[in-house]
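Thanks for coming, everyone. Please look at the structure on the screen, and I will walk you through it.

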Amino acid sequence: MKAILVFITFLISLFTSNFSQAQNINWENLKNNEKHILNANAGWEYSFVYGFSYGYHLKTKMPIILESSISLASGEVIFDDFKTKIGGQINVFQIKNFRFNAAIHGIYRRYENPLLTLQNFGADASTTIGYYKPKWFVAGEFGFDKAIVTHFKHSDIYKEVYPDVKNGWFEPTTGGNFNFGIQGGYSFARSDLTLRAGKVITEDFKSEPLIPFYLQIGYNYKLD
Amino acid sequence: MKNKMLYSAVIAISIFFFLGCENENEIDGVGNLVPKTVDQDSSLPSIFINGTQLHAETFGNPNNPMLVFLHGGPGSDYRNGLNVQQLANEGYYVIFYDQRGSGLSKRHDKNSYSIQLVLDDLTEVIQYYRTFPNQKIFLFGHSWGAMLGAAYVNSYPDKIDGLILAEPGGLNKQLLDDYGEMSRKINIFSEVTSNLLYADQFLTGKENQHEILDYKYGISSSFSYAKGNKEGIPGPSPFWRIGTTVLESFTDIAENDGFDFTTNLNQYTTKVLFLYGELNQSYGLRFAQKEAAYFPNSEISEVKGTGHEMIYFKWENVHPIVLKYLNELK
């Protein structure tokens, strides 16, 4: 049953994720024998999103978690706007209860509205520096999300607006956003309850998304 | 086994690069995602005034009374107001222009815009097309264009011979906020909201990267006509290109400095025609009465069977009201 649960979560998170960051892990509470980390989350990142992720804890000297995630934008049509990510995070070093962590992910995401459909391949990288205790943690985070190459397909509605609009792949990069904020969590038994919040700003540091904040609550369950 | 994995990886990478090379376009390439502006396409009709180049065209006999159409926005264009050109066949010299930084007019830096500058543009547009000194001048503004029309007579009450205001979104900052509160209620869980906001992670044009910024705003326009919208907009209406920078600039001006286009309206004694759409739940008779009260002489008319985009969707109902008003003042 456990294997099926892990497998299903992995598949869902691999093929279906939005601006969900790396899993929020209490590294101090993560035991060597806990290999699988299942996560569910919801919150605001560009729009209201909910997501699932799966992490696999490698048995290495330096703690590493390989992970995949999916997040879906809220709305009547479920699979038109989503983001999937695959990558990992690593606890780079530790000084007493202070830990420095880094994460990197490849991204595939999709967006559709009545005027067009966008598909994008991108990447994100982030760091967290925090204070970790077995029962709780708090950390600051900083990340960058780059939309590297994007495919545009326009509907007839937009072709009415501009008949000569081009479809196809667009380069160079079509966008990039920085995010910075805090995260924290409470751990009990095999579970973590986590919270992230922060601000998003575009890569020129002059403009920002329509809603330039993010907020996410999450739940982790760890299995051997 | 290792060879199979290697072959699979090579095939996957090849497919990725093949897809990546197909129809490769530059994201900020001129004409790729949005139409060219008048400074980029010399085949478009334009005029040079007040240090800028405006997309503009006229209909009718230049010696007839002039009717200048002021489009909405800020940043939109006159494409969805082209029905007004019918008045050219009924004795009026109809002028259309995309305001500075809007539609197909030339773009400028964000920090260059001001209310006074667009009022000066309007003065120069009138001067440019005026064929004799006593030619009567009428303004017909829709939404933001109606706010601009009110601002103009507030500053120059003697220069305009008649004013038609179709649902100005607020003649001062307080009224604008009131209208915004009534018309822009959103459900954060809805598809419409996701459609509006989710694209922010795909496209993030830098300040003054007009091709990207205008495109991004344009593709979010479906928000305005989403099912159940309060403004009674039944579907998409045509536009050429949204001027995002001018929109953001005027939004910043309104937020930071406020505005009040009503301070001198009591000096404008000519009758003003207010129009509101029957189906716009955010505007209605009460809001029209509030705005009309700033003028000494006004008439309010309801346009049946339509909402905010009345000129495009129900011109047949707008036309007789406007024509009657104009003919009374002609």
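This is a predicted model: local features need pLDDT of at least 70, side-chain atom pairs count only at pLDDT 80 or more; totals for chains, interfaces and linings use all residues.

Chain B has 10 helices and nine strands. Helices (H or I, at least four residues) and strands (E, at least two) are DSSP runs, numbered from the N terminus. Residues are numbered from 1 along each chain as its sequence is written, and chains are lettered from A and ligands numbered from 1 in the order in which they are written.

Now the overall picture of chain B. Its C-alpha atoms fill a box of roughly 90 × 45 × 40 Å along the principal axes. Of its 330 residues, 48% count as buried. Buried means 20 or more other C-beta atoms within 10 Å of the residue's own; exposed means 12 or fewer, and partly exposed is in between, with C-beta atoms placed from the backbone.

Next, an annotation. UniProt lists residues 66-172 of chain B as "domain: Serine aminopeptidase S33", in an unreviewed entry. UniProt positions use the numbering used here, feature names are shortened, and annotations may be inferred rather than shown by experiment. That span is 25% helix and 20% strand. Its end C-alpha atoms lie 27 Å apart.

Let's zoom in on one helix, α10(B). How far should its 15 residues span? At 1.5 Å a residue, residues 315-329 should span 21 Å, and the end C-alpha atoms are 21 Å apart, which agrees. The expected span is 1.5 Å times one less than the number of residues.

Which residues of α10(B) are buried? They are Val318(B), Val322(B), Tyr325(B) and Leu326(B). The face turned away carries exposed residues, among them Glu316(B) and Lys324(B).

Last, the partner chain. 47 residues of chain A are in contact with 36 residues of chain B. Contact means C-beta atoms, placed from the backbone, within 7 Å. Chain A's side divides into 23 nonpolar, 14 polar and 10 charged residues. Ala, Val, Leu, Ile, Met, Phe, Trp, Tyr, Cys and Pro count as nonpolar, Asp, Glu, Lys and Arg as charged, and the others, Gly among them, as polar.

Note on methods:
Two residues are in contact if their C-beta atoms, placed from the backbone, lie within 7 Å.
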